[in-house]
Amino acid sequence: MLEHEAWIMNLTEANIGPSEPKWFKLYDGSETFGLNSLSAQDMSNLVDRFIVDDELFQTYYRNYVKQGDPAILEGCGVKCKLYLLCSMVTSNFGDQTNCNEISRKMKL
């Protein structure tokens, strides 16, 4: 896979009006996160960037929650960030090796 795009619509707006919902592109991976591809190496590098660049991670979080106001207001602190990063790098939650490495890099 070389690219990822996310498209959304405003559900509240769609439920109010009689017209068709207006879909819009929320983000694409290469533009928003500076990815060349979605290769395992590029994704691993992105996780490492998220660890040290909280502004970039918060951009990810806003897109993860589809710009949903309640989630954005709640925010994503250290525990939330660790959980989301761990879920990116772990397919077997019985094996916490990668999560432990992220915790170490986050200095937790």
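Guide: Helices here are DSSP runs of H or I with at least four residues, strands are runs of E with at least two, and both are numbered from the N terminus. In this predicted model, the elements counted that way run β-α-β-α-α-α-α-α-α from the N terminus on, and they amount to 7 helices and 2 strands.

Visitor: What makes Cys-76 and Cys-80 a disulfide?

Guide: A pair of cysteine sulfur atoms has to lie within 2.5 Å, and the S to S distance between Cys-76 and Cys-80 is 2.0 Å, so the pair meets the cut-off and is called a disulfide. The link of Cys-76 and Cys-80 is also left-handed, with -100° about the S-S bond.

Visitor: Why are α3 and α4 called roughly perpendicular to each other?

Guide: Two packed helices are described by the angle between their axes and the distance between the axes. Helix α3 (residues 40-52) and helix α4 (residues 54-64) pack at an angle of about 115°, with 5 Å between their axes. Angles of 65 to 115 degrees count as roughly perpendicular, and α3 and α4 are therefore given that description.

Visitor: Which residues in α3 meet which residues in α4?

Guide: From α3 come Leu-46, Arg-49, Phe-50 and Val-52, and from α4 come Asp-54, Leu-56, Phe-57 and Tyr-60. The residues of this contact divide into 6 nonpolar, no polar and 2 charged.

Visitor: How many residues has the largest nonpolar core?

Guide: The largest nonpolar core has 23 residues, and those with the most contacts inside it are Phe-33, Phe-50, Phe-57, Leu-85 and Ile-102. At least two residues of this core are supplied by each of β1 (5-9), β2 (23-28), α3, α4, α6 and α7. In soluble globular proteins, nonpolar side chains tend to be buried together.

Visitor: Why does Lys-81 count as buried?

Guide: The relative accessibility of Lys-81 is 6%, which is under the 20% limit, so Lys-81 counts as buried. Lys-81 lies in helix α6 and, leaving aside its neighbours within four places in sequence, is in contact with Phe-50, Ile-51, Asp-54, Phe-57, Cys-76 and Met-106. Phe-57, with residues up to four places away in sequence not counted, touches Phe-50, Cys-76, Lys-81, Leu-84 and Leu-85.

Visitor: What percentage of the 108 residues of the protein count as buried?

Guide: Across the protein, 31% of the 108 residues count as buried. The C-alpha atoms fill a box of roughly 50 × 30 × 25 Å, taken along the principal axes, and among contacts between residues at least 6 apart in sequence, 42% join residues at least 24 apart.

Terms used: Residues numbered from 1 in each chain as written. Predicted model: local features only at pLDDT ≥ 70, side-chain atom pairs only at ≥ 80, totals over all residues. Heavy atoms only, no water. Axes fitted to C-alpha atoms, helices over the stretch in contact; angles between N-to-C directions. Parallel < 35°, antiparallel > 145°, perpendicular 65-115°, else oblique. Contact = heavy atoms within 4.5 Å. Nonpolar A, V, L, I, M, F, W, Y, C, P; charged D, E, K, R; others polar. Core = buried A, V, L, I, M, F, W, Y, C linked by side-chain atoms within 4.5 Å. Buried < 20%, exposed > 50% of the residue type's maximum accessible area, 1.4 Å probe, protein only.
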